[in-house]
Amino acid sequence: MCGIAGFCNYSKDYTTEVFRWTQVLDNMKNKIKHRGPDDEGVYLTKHVGLSHVRLSIIDLANGKQPMSRKINDHVFTIIYNGELYNTKEVRKNLEQKGWLFQTSSDTEVILVSFMEYGPESVKMLNGIFAYAILDEAKDHVYLFRDRLGIKPLFYTIQSDTLIFGSELKVLFEYPKVKPQIDKKGLCEIFGLGPAKTYGNGVFKDCHEVLPGYYNVYNRDGLKEIPYWKLISKPHTDSYSETIDKTSHLVVDSIKRQMVSDIPICTFLSGGVDSSIVTAVCANELAKNGEQLNTFSFDFVGNEKYFKSNAFQPSQDRPYVDIMVKYFKTNHTYLECSNERLADYLYKAVDARDLPNMADVESSLLYFCSLVKKHNNVTLTGECADEIFGGYPWFHKQESFQMHTFPWSKNMEPRKLLLSDELLKEIDLDKYVIETYEKSISETPYLEGEDLIEKRRREIAYLNIKWFMVTLLDRLDRTSMYSGLEARVPLADHRILEYVWNVPWDIKCRDGEVKHLLRESVKGLLPDEILYRKKSPYPKTYNPGYEKLLGDRLLSVLEDSSSPINALLDKKKVQGFINTPSDYGKPWYGQLMAGPQMLAYMLQVNYWLEKYNIEIII
């Protein structure tokens with residue numbers, strides 16, 4: 001896993017000032033050095049500059065980037081961030097076409113597949129990736145992103161210059177590109193955040209390559225080309241055939257994603273999703289007499305302060321203990337304190353370049369930094385809930401009746417702290433509803449479905465396009481900030497394509513949440529784990545944490561130089577802090593309630609301050 005960055009202008013000759021533009025490339029890669037601490041490189045031509053930092057996972061000795069190959073005088077160069085899980089199959093196909101390989105890296109396989117098949121070669125790939133390919137003879141730069149948006153790729157176009165990179169921060173290393181936010185960006189932050197509209201980089205004039213797309217930049221400008229989309233079609237497999245196929249896809253994906261020249265580990269919460277991944281990995285390693293490293297996360301004192309609620313019915317530790325004993329993993333229990341959790345809120349902004357999921361994000365950032373001391377590659381159970389229908393909003397009647405995002409059903413908590421002046425300038429309700437309506441209008445409906453199933457498909461589509469991507473962004477930035485590669489085998493596009501069309505009475509037979517997934521792995525896990533009621537990522541319930549946040553936010557507002565003073569109402573904040581939090585009524589997802597609103601505002605202030613953002617209203 002790596003980091004990429006670059007720029008392109010077909011009316012400029014960068015080679016007239018090699019030192020200057022090489023320095024810009026160095027600055028860009030240094031900004032994302034955390035993504036690839038093992039190696040780095042730059043490549044500068046007349047019209048294009050490319051830079052790369054590498055985290056070595058496959059072919060440790062070779063695979064250096066930028067990587068070029070030539071046919072006659074036709075040069076192709078790639079910079080690549082990701083992991084390919086069907087390298088052997090793609091390579092074999094190319095060898096049958098007569099190609100010879102100089103390395104065993106997946107980077108070279110992707111480059112050669114492009115040289116053989118052109119940009120449509122991306123359809124052959126099974127993996128998580130974002131990469132750029134320069135075709136010097138045609139004066140084309142191609143930007144590719146994987147089907148589900150697991151790996152990030154941002155860009156901006158200013159003065160006929162394309163600037164791109166794995167993280168937003170690299171865009172501002174190019175001369176005269178400044179971080180600004182306008183009304184639309186403020187609506188993203190306060191109306192949709194910590195989610196963001198797909199394709200939107202939040203900063204003014206900043207964008208991201210859409211999942212399942214590749215972009216082409218040439219002398220005519222930028223063109224966006226879709227190469228993958230979800231397709232709705234009748235499901236013809238029987239119940240037993242559906243279980244068998246799902247089982248094969250899940251296990252095959254996990255085994256494929258174990259590929260590595262260095263040891264892997266897993267995140268283990270004791271929930272069914274992470275336990276499936278852990279079980280397959282542990283069993284595979286045991287065949288070679290190897291033991292799997294596993295890691296679980298919690299908070300200091302949580303056994304004392306934990307409050308069971310509809311969203312989080314149980315603690316993880318007892319279930320983790322069962323899994324560790326059953327699969328004999330080498331387990332490490334990791335904990336985070338109140339102070340560290342609050343301190344890492346700012347580092348989480350450094351990692352994401354945006355306000356984010358507050359302590360839900362800062363805690364994972366901290367935990368990843370600890371896991372990195374043991375392993376460089378981890379597999380997680382992310383995305384099963386979005387694909388298999390695990391969240392409450394798949395099941396509650398109110399989700400079928402509301403006309404907004406089901407994980408953020410009430411806009412009022414989002415406005416509570418904002419100044420009246422700001423609320424007059426930005427119409428949050430209108431922005432959110434218009435964005436929501438645009439998204440559901442894209443839903444690939446199945447002809448003949450009744451209104452209930454049509455609505456359920458809308459909810460599923462929203463989850464895949466929005467909620468899942470937010471969690472994938474969180475996982476990528478928090479892990480790669482410490483140079484830890486995190487893989488998501490349950491988000492294999494083959495699983496999504498198949499399960500998308502499975503009828504609800506199979507996915508959730510007899511009302512059992514994620515019935516299809518559970519049945520597909522029956523016999524793999526202890527029953528206590530297999531039938532455990534869903535409990536999301538852990539959070540702290542320590543009242544001291546909320547007080548710490550309140551004190552910090554009031555201190556920020558006391559400082560007249562704090563940029564968030566222009567956006568918040570101090571009296572509203574004071575009243576909010578003095579009101580007891582209801583942990584069972586989150587304003588985003590299942591975990592972000594009162595304390596997380598305070599944490600989010602601390603992040604917004606830090607973000608505005610650190611990036612020296614100009615607010616344009």
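Residues are numbered from 1 along each chain as its sequence is written, and side-chain values use heavy atoms, with hydrogens and water left out. In this predicted model, local features need pLDDT of at least 70 and side-chain atom pairs count only at pLDDT 80 or more, whereas totals for chains, interfaces and linings use all residues.

Q: How far apart are the end C-alpha atoms of helix α1 (residues 18–31)?
A: Helices (H or I, at least four residues) and strands (E, at least two) are DSSP runs, numbered from the N terminus. The expected span of a helix is 1.5 Å times one less than its number of residues. For the 14 residues of α1 this gives 20 Å, and the distance between the end C-alpha atoms agrees, being 20 Å.

Q: Against which strands do the buried residues of α1 pack?
A: Buried means under 20% relative accessible area, exposed over 50% and partly exposed in between (1.4 Å probe, protein chains only). In α1, the buried residues are W21, V24, L25, D26, M28 and K29. An α-helix has 3.6 residues a turn, so residues three or four places apart point the same way. The strands against which the buried residues of α1 pack are β1 (2–8), β2 (39–44), β3 (48–54) and β9 (161–165).

Q: Is K29 buried or exposed?
A: K29 belongs to helix α1. Beyond its neighbours within four places in sequence, K29 is in contact (heavy atoms within 4.5 Å) with E40, G41, V42, S51, H52 and V53. Its relative accessibility is 6%, and therefore K29 counts as buried.

Q: By how many degrees are neighbouring strands of the antiparallel six-stranded sheet turned against each other on average?
A: The strand order in this open sheet is β4-β5-β6-β7-β12-β13. Its edge strands, β4 (67–71) and β13 (221–226), each pair on one side only.

Q: How many residues of strand β5 (residues 74–84) are buried?
A: Strand β5 pairs with β4 in the antiparallel sense over five bridges, and R69 has F76 as its bridge partner. Two residues lie between β4 and β5 in their hairpin, where N72 takes a positive phi near 55°. With β6 (residues 127–135), β5 pairs in the antiparallel sense over nine bridges, and T77 stands opposite L134. Strand β5 is mostly covered, its buried residues numbering ten of eleven.

Q: Is the aromatic pair of Y142 and F144 stacked or tilted?
A: Rings of Phe, Tyr and Trp (its six-membered ring) pair if their centres lie within 6.5 Å; planes under 30 degrees apart count as stacked, over 60 as edge-to-face and the rest as tilted. Y142 is buried at 6% relative accessible area, and F144 is buried at 0%. With 6.1 Å centre to centre and 20° between the planes, the pair of Y142 and F144 is stacked.

Q: Over the ring of which residue does the charged end of K465 sit?
A: A charge sits over a ring if NZ of Lys or CZ of Arg is within 6 Å of the ring centre and within 35 degrees of the ring normal. R509 lies over the face of Y239, at 4.0 Å from the ring centre. The charged end of K465 sits 4.5 Å from the ring centre of Y198.

How values were computed
Two strands pair if DSSP finds at least two bridges between them.
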